[in-house]
Structures are given as C-alpha cells and as structure tokens.
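Dear colleague,

Please find the structure below, handed over for your records.

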Amino acid sequence: MTRDVAIVAFAQAPLDQAPGQTETLMLLPTITDALNTVGLTRRDVDFTCSGSADYLTGGTFTFVQMLEAAGAWPPISESHVEMDGAWALYEAWVRLQHGDVDVALVFSSGRASASASLRETLTFQLDPYYLAPIGADYVSLAALQGQAVLERTGRTDKDLAQIVVQRRHDAIANPHAAVSGDVSVDELLRNDYVVEPLRTHDVGPAVDGAAAVVLVAGERARQICDRPAWIAGLDHRVDPHYPGVRDLAQSKSAALAAARAGVGNGGVEVAELCAVCTPEELVLTEALGLGDAVTINPSGGALVANPVMVTGLVRIGEAFRQVHDHGRQRVLGHASSGPCLQQNLVCVLEARD
Amino acid sequence: MAERCAVVGVGMTKMSKCRDDVSMAGLVREAAMRALEDAEMTWADVQAVVIGTAPDIFEGVMMPELYLADALGATGKPIMRVHTAGSVGGSTAVVATHLIESQVHERVLTVAFEKQSEGDTNFAFSSGRSGGVGAGGYFAPHIRAYIERSGAPAYVGPMVAVKDRKNALKNPYAHLRIPDITIEMVMESPFVWDPIHRLESCPTSDGACAMVLTNEAGASRATKPPAWVHGTAVRTELGWFPGRDPVNPKGGQDCAADVYRQAGVTDPRADFDVVECYVPFSWYEPMWMENLGFADVGDGWKLTESGATSMDGDIPVNCSGGVLSSNPIGASGMLRFAEAAQQVRGLAGDHQIADARRALGHAYGGAAQYFSMWVVAAEKP
C-alpha cells in the first residue's frame with residue numbers, strides 16, 4: 001500500500017560549536033552536507049519539514065530564522081512541527097506517499113544551552129494547571145519511572161550503571177558524544193544522585209545540536225545512494241499525559257508504535273533508542289520487544305548526548321548509518337517526547353537488494 | 001494515485017476576549033466534540049489527531065499537545081503538532097489532509113486553537129526577550145506601500161472593516177459585535193499603527209476550531225453533505241532580503257497557482273462562489289485579492305469598493321466576519337478553511353451564500369511569508 005521511501009543521507013552538526021552559535025548557523029552546513037553526500041542541492045528538494053521548539057531559546061517563531069538554512073527562495077513547499085525532528089521526518093514521509101514528489105529534506109535543531117535550566121524549561125511542557133506548578137521536572141519524573149521499573153524488574157542501580165558503562169564505551173567511536181570513555185560500575189556508583197534512583201551518569205548530557213536527513217522515494221533512491229535505508233515501518237503513538245494514570249514501568253504507546261511499525265515481522269539487529277535517562281532503556285527494550293540478540297544504541301545513545309529536539313532524529317540517523325555504513329539488514333530508530341516517555345515513534349529501516 | 005479527502009465534521013467554539021469558563025483542554029475539547037457530533041462519530045472513530053497552534057509563549061505551555069492529548073482522546077493514537085506561524089491553522093488542516101490522501105489513516109481529527117487570554121500576545125509578538133514592534137507595526141508599512149502604489153482611496157480599508165463586522169453579526173461564534181459600525185466610526189477611531197485604525201485591526205481572541213476529515217468511502221457514508229478537498233498547497237519564503245515584495249509576495253502567488261492547478265481553477269473570480277481569506281488588518285482584503293488573482297495588480301481595492309466582496313456581491317469574502325472579527329491566532333487559519341467547507345456543505349447558517357459549490361480557504365503568517373490554502377467543493381473531484 002505504501003510507497004517505498006528511503007533515507008539516503010544523514011548529517012549532524014559537530015558537537016564543538018562557537019559559544020552562542022545560532023541554530024541557523026548549525027543547520028546551514030549540516031543541510032548542505034546531507035544533500036552533498038548524494039549529489040543533491042537545495043533546488044532538488046520538493047518538500048521540506050523541520051522540527052524545533054521556541055521555549056529552548058525563549059523566543060517566538062524561532063523556526064522562521066531557520067528558513068535561511070533551508071534556502072527558502074524561490075518559495076518552497078515547507079512545514080514545521082514544534083516537535084523532535086523525528087516527527088518532521090514522519091510528516092515528510094506522509095507527504096512523499098502522495099506520489100507527485102520524490103525528494104524531502106528533514107532537519108531539526110535545538111539549543112539546550114540557551115536555557116538557564118533545562119529541567120526548569122521542560123517543566124513548562126506539563127499541564128499548566130496541575131503539574132507545572134508543582135515543579136515536576138523531567139528528571140524527577142524520569143526518577144519516578146526509574147523507581148517503578150526497578151521495582152517491577154528487580155534490577156538495581158548497579159544494573160543501570162552497567163548500561164552506562166557500555167554506552168560510554170561505545171561512544172568512544174562517536175564524535176558527537178558529549179561523554180565517552182571506559183569507566184567501571186564501581187566508579188559510576190560513587191556518583192551522586194540527581195534524583196534517586198538516577199545518578200549523574202543516568203541523565204544524558206543536554207547539548208546543542210542540529211541534524212538533517214534526506215528522504216527519497218522510489219527508484220531514484222537507488223540511483224543516488226549505494227545502500228539506501230528503506231522505511232519498512234513508521235508509526236507513533238501517545239500515552240495519557242498524567243503520570244498518575246499510567247503504569248510508568250511499561251510503555252503502551254511504544255509497544256503499540258512498534259507493533260504498527262512491524263518490528264516483530266522479522267525483528268531487528270540494532271535499535272537506537274531515545275532514552276535520555278537510563279531506566280527508559282529498560283522500559284523501551286521491553287515495550288519494543290527487543291531480545292538479547294539486539295544491539296542497543298551502538299552510538300552510545302541519548303545517554304552520551306541529548307541534543308534536545310534533535311535526539312530522536314539522530315537516533316533514526318544513527319539507524320540509517322547502521323544500514324548504510326555498517327551493512328546491517330534491518331534496524332530500528334526510536335524517538336520520544338514528553339514526561340516519562342509519553343509519546344513514542346518507531347521507525348524500522350531495512351536494506352533491500 | 002492519492003486517496004480523496006473530505007470534511008465531514010466541523011466544530012467551532014464561541015470566541016471571545018477571555019474564555020475563562022474553560023481551561024485550554026476544555027476549549028479544544030469543545031471544538032472537537034462539536035466536530036465529532038457534526039460528523040456523527042465518536043472518539044473511538046478517530047485514528048489520529050493533528051493539532052496546530054501559534055507560538056507556545058502565547059499560553060505559556062511548551063508543546064501543549066502533550067498536555068492536550070488526554071482532552072483530545074488521543075491515548076493510543078498518533079498526535080502531531082504543527083506550527084507555521086499565522087498560517088498554522090491552515091497548514092494543520094493540510095497535514096491532516098495528507099494523512100487521508102496518503103492512505104495512512106481513514107479518519108483524522110484536526111484541531112487548532114489559541115487562548116490568548118492565558119498570556120501576553122504583544123510580548124510574544126515582540127519575539128519574547130528580543131524586543132520588537134508587534135504584528136501591526138510590522139505590516140503597517142506594507143499597507144502604506146500598497147495604498148501609495150495602487151492609489152486606493154483611504155476609505156477602502158474602513159469599508160472592509162465595516163463589511164466584515166456586519167457579517168460577524170450573522171455568525172454566532174464570532175467575537176466582535178459592533179452592530180452600529182460605520183465607515184466614519186472606523187476612520188475616527190485612533191491609529192494603532194498608522195495607517196491602521198483601531199477598528200481596522202483584528203482583536204485578540206480565545207477560541208478553537210476542529211474538523212473531521214475522512215476518505216472517499218467515509219464521505220460517501222456521511223449523512224450530512226461533505227466538503228470535498230480539491231487541492232491543498234503550502235508555500236514559504238524568506239521574510240527579509242532586498243528585492244522581495246512583501247506587499248504582493250511570490251509565495252502567495254505560487255501557492256495559489258499550485259492549488260488552482262490541482263482544482264482546475266483558471267479564473268478565480270468566476271470559478272469560486274465564496275472565499276475565506278486571512279485578513280487581520282482591513283487593507284489585506286484588497287492586497288490578497290490581487291495576490292490570489294481575483295483582481296489585477298493595483299485593482300484589488302476597486303473589487304472591494306464595488307461591493308463585489310460583500311455577501312451580495314459576486315465573490316463574497318469572509319462572510320463569517322473573518323479574522324477582523326475573531327482572532328484566536330493559531331485557529332484563525334483553520335477557521336478560514338472550516339468556514340469554506342461549511343459554505344460548500346450548505347451548513348454556514350445565517351452567513352451561508354446560496355448554492356455555494358466551490359470555496360477557497362486561505363491563511364498566511366510570519367512576515368507575510370507562510371501561505372496555506374485549500375479548495376473545497378460540493379462535488380467529488
């Protein structure tokens with residue numbers, strides 16, 4: 001039923017940026033890089049879709065400036081979601097289903113460093129009448145979720161540290177990681193709690209970031225890319241907003257998105273999960289039905305760098321790299337948004353001969 | 001081949017300066033429930049929700065779709081949040097249309113809202129902490145340039161202000177009600193931003209609009225008449241560079257050409273029965289009439305002056321009272337799209353144009369640089 005659409009290129013802005021660098025200037029070379037790798041220019045793009053959030057920089061209409069990086073002259077067919085770039089990718093994929101256009105550019109950006117306190121800023125995502133006033137910030141809510149999943153699974157903070165040890169080791173090969181290196185569980189367990197049971201290493205460092213993805217439909221994808229990653233399934237679902245009405249140890253929306261995206265139909269070799277706090281990996285691994293054979297977050301995942309509003313799109317980009325650069329056949333990229341993994345998106349990518 | 005899409009349900013809230021009788025969730029739910037009732041559907045029939053609203057700072061809630069998911073019955077469903085400045089209400093409807101046309105979903109609820117009383121719109125329009133001049137301050141020079149270029153008499157803008165406010169008296173959901181409004185009263189009202197008189201400016205409103213969209217099979221089952229979508233288009237251009245014409249932006253021309261091509265419209269004035277056009281300041285009616293091809297460049301004001309755009313003219317514009325009468329910013333574009341749909345469904349009530357068969361819904365935003373449009377008709381495409 002659906003039209004074949006592939007990711008043919010992915011680029012990510014370098015971690016090292018000038019202080020106060022604008023999102024526009026992070027995006028400009030990143031978009032050019034992504035298009036260049038497949039020999040395209042901005043003029044080849046039929047549809048553009050981006051994701052970002054005003055609140056990070058405290059502005060209004062901040063996405064309008066990013067049009068300079070997209071190159072919106074002559075006028076372009078364009079849309080924007082106030083969401084992680086993974087949902088911009090979703091909108092672009094839907095647009096390509098129409099069949100009249102073939103090339104879509106997706107990008108997103110975020111400047112976590114512009115917030116005096118990201119925890120305080122993200123608190124404004126909550127119900128303004130009942131949740132935001134009590135200052136339930138995202139780390140505190142993730143800690144509640146962490147407590148719930150540890151109790152349910154019988155795991156401990158030692159198990160959480162073991163995950164972080166692996167992520168930081170894998171991140172040594174990832175130039176976009178904000179933290180990496182070989183550490184021991186014992187060393188990590190000497191770190192302070194941020195909010196129990198989350199220690200400092202259990203919260204992915206928020207960084208500034210930008211990323212771009214190029215989607216191409218049909219045969220043209222094969223012509224311009226030696227190994228495109230075809231979108232075999234793409235779906236997103238949301239859970240209720242109120243943490244009190246959910247079982248925080250599980251994620252119904254992630255499970256539903258995975259089922260709809262067809263994760264079970266053939267499984268996946270690798271999964272890049274948007275788990276900003278360590279316990280979220282446990283929740284997601286179960287919800288997405290990922291067995292022991294699945295390699296989780298070979299990039300280090302969001303625990304080694306959390307470019308807010310870009311983190312989900314980067315997971316899909318890293319999944320693309322697994323197919324394009326590392327010869328994998330079938331992989332999963334995941335994005336999440338909202339308190340305690342309220343909203344989840346699952347993208348299954350595969351190589352096709 | 002893309003699937004056909006039709007509007008089978010429309011819901012609007014009463015718009016006013018301050019809807020302090022409802023929360024934000026209550027406001028969007030009010031519109032959504034009316035749309036579902038109109039569509040003779042329940043929450044269970046909805047497969048996905050697409051929500052649009054303008055800058056989060058208007059209400060002080062970041063990414064409010066997360067909080068509003070519960071009120072919109074989205075649990076276990078996909079929900080997306082679109083934001084394309086003032087055009088967002090239109091763009092949101094376009095994204096929802098794409099979900100049907102692409103055959104990803106069969107029934108989609110789309111909602112747009114603004115609850116301006118929750119925050120400080122002028123602070124937000126001034127780009128938060130960066131400082132600025134507000135929307136009217138930005139557009140006033142463009143309006144002045146239009147008046148100078150076209151040689152339009154000073155009373156044409158006030159004529160639009162009177163026409164749209166009189167039309168609003170026929171719309172039970174409209175915010176402003178000024179039954180005794182006259183051209184003299186408009187021209188004697190103080191300048192907010194010269195040449196924009198106070199009564200030539202839109203209000204700030206609380207309000208929401210919702211639509212239920214479905215595919216061909218769904219529309220064929222509907223008991224009330226559907227509004228068939230014959231075309232959708234969006235265009236965006238850079239807002240500031242030498243040589244750009246912000247008075248008659250190329251993005252608007254291109255967007256109109258695209259949507260007309262899809263719908264087979266060759267002579268807009270003859271081919272449309274009614275237009276719902278985004279006019280936040282009175283002079284934008286003649287300006288957009290030119291941009292959209294209803295009049296030659298320089299002649300838009302003559303169209304307005306002749307009375308052609310009034311409810312008894314040959315090309316009625318904004319029979320609902322338009323943005324000049326109700327302006328919940330994030331919803332204002334969707335209201336244009338929804339009012340166009342209601343006209344071709346024959347369900348526009350007291351502001352219905354008799355036997356309207358084809359209508360244009362139009363929205364714009366940013367520095368007159370974001371455009372979204374759709375063409376809806378009573379006949380299946």
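In chain B, 79% of the contacts with a separation of 6 or more are between residues 24 or more positions apart; two residues are in contact if their C-beta atoms, placed from the backbone, lie within 7 Å. For chain A, 78% of the contacts between residues at least 6 apart in sequence join residues at least 24 apart.

This is a predicted model, in which local features need pLDDT of at least 70 and side-chain atom pairs count only at pLDDT 80 or more, while totals for chains, interfaces and linings use all residues. Residues are numbered from 1 along each chain as its sequence is written, and chains are lettered from A and ligands numbered from 1 in the order in which they are written.

The two chains

The secondary structure of chain B comprises 14 helices and eleven strands; helices (H or I, at least four residues) and strands (E, at least two) are DSSP runs, numbered from the N terminus. Chain B has a radius of gyration of 19 Å, close to the 21 Å that the globule rule gives for 381 residues, so it is as compact as a globular protein of that length. The radius is taken over C-alpha atoms, and the rule is 2.2 Å times the number of residues to the power 0.38. Of the 381 residues of chain B, 65% are buried. A residue is buried if 20 or more other C-beta atoms lie within 10 Å of its own, exposed if 12 or fewer, and partly exposed in between, with C-beta atoms placed from the backbone.

Chain A has eleven helices and 13 strands. Its radius of gyration is 19 Å, close to the 20 Å that the globule rule gives for 353 residues, so chain A is as compact as a globular protein of that length. In chain A, 59% of the 353 residues are buried.

Where the chains meet, 50 residues of chain A are in contact with 48 residues of chain B. By class, the side of chain A that touches chain B has 23 nonpolar, 17 polar and ten charged residues. Here Ala, Val, Leu, Ile, Met, Phe, Trp, Tyr, Cys and Pro count as nonpolar, Asp, Glu, Lys and Arg as charged, and the others, Gly among them, as polar.

The nonpolar core

The largest nonpolar core has 263 residues, and A:Val213, B:Val28, B:Leu72, B:Val111 and B:Val376 have the most contacts inside it. Such a core is a set of buried Ala, Val, Leu, Ile, Met, Phe, Trp, Tyr and Cys residues joined through C-beta atoms within 7 Å. Strand 7 (residues 206–217) of chain A gives the most to this core, with ten residues. Leaving aside neighbours within four places in sequence, the contacts of A:Val213 include A:Ile7, A:Phe10, A:Leu89 and A:Leu313.

In strand 4 (residues 107–115) of chain B, nine of nine residues are buried. On one side are B:Arg107, B:Leu109, B:Val111, B:Phe113 and B:Lys115, and on the other B:Val108, B:Thr110, B:Ala112 and B:Glu114. Strand 4 of chain B pairs with strand 2 (residues 48–52) of chain B in the parallel sense over five bridges; two strands pair if DSSP finds at least two bridges between them. The bridge partner of B:Ile51 is B:Val111. With strand 7 (residues 206–215) of chain B, strand 4 of chain B pairs in the antiparallel sense over nine bridges, and B:Val108 stands opposite B:Leu213.

In helix 1 of chain B, eleven of 15 residues are buried, including B:Leu27, B:Val28 and B:Leu36. The buried residues of this helix pack against strand 1 (5–12), helix 2 (65–68), strand 4 and strand 7 of chain B.

In strand 10 (residues 358–365) of chain B, eight of eight residues are buried. Three bridges join strand 9 (residues 274–276) of chain B to strand 10 of chain B, and these strands run parallel. Strand 10 of chain B and strand 11 (residues 370–377) of chain B pair in the antiparallel sense over eight bridges. In their hairpin, which has four residues between the strands, B:Gly366 takes a positive phi near 60 degrees.

B:Ser332 lies in helix 14 (residues 329–345) of chain B. This residue is buried, with 30 other C-beta atoms within 10 Å.

Yours sincerely
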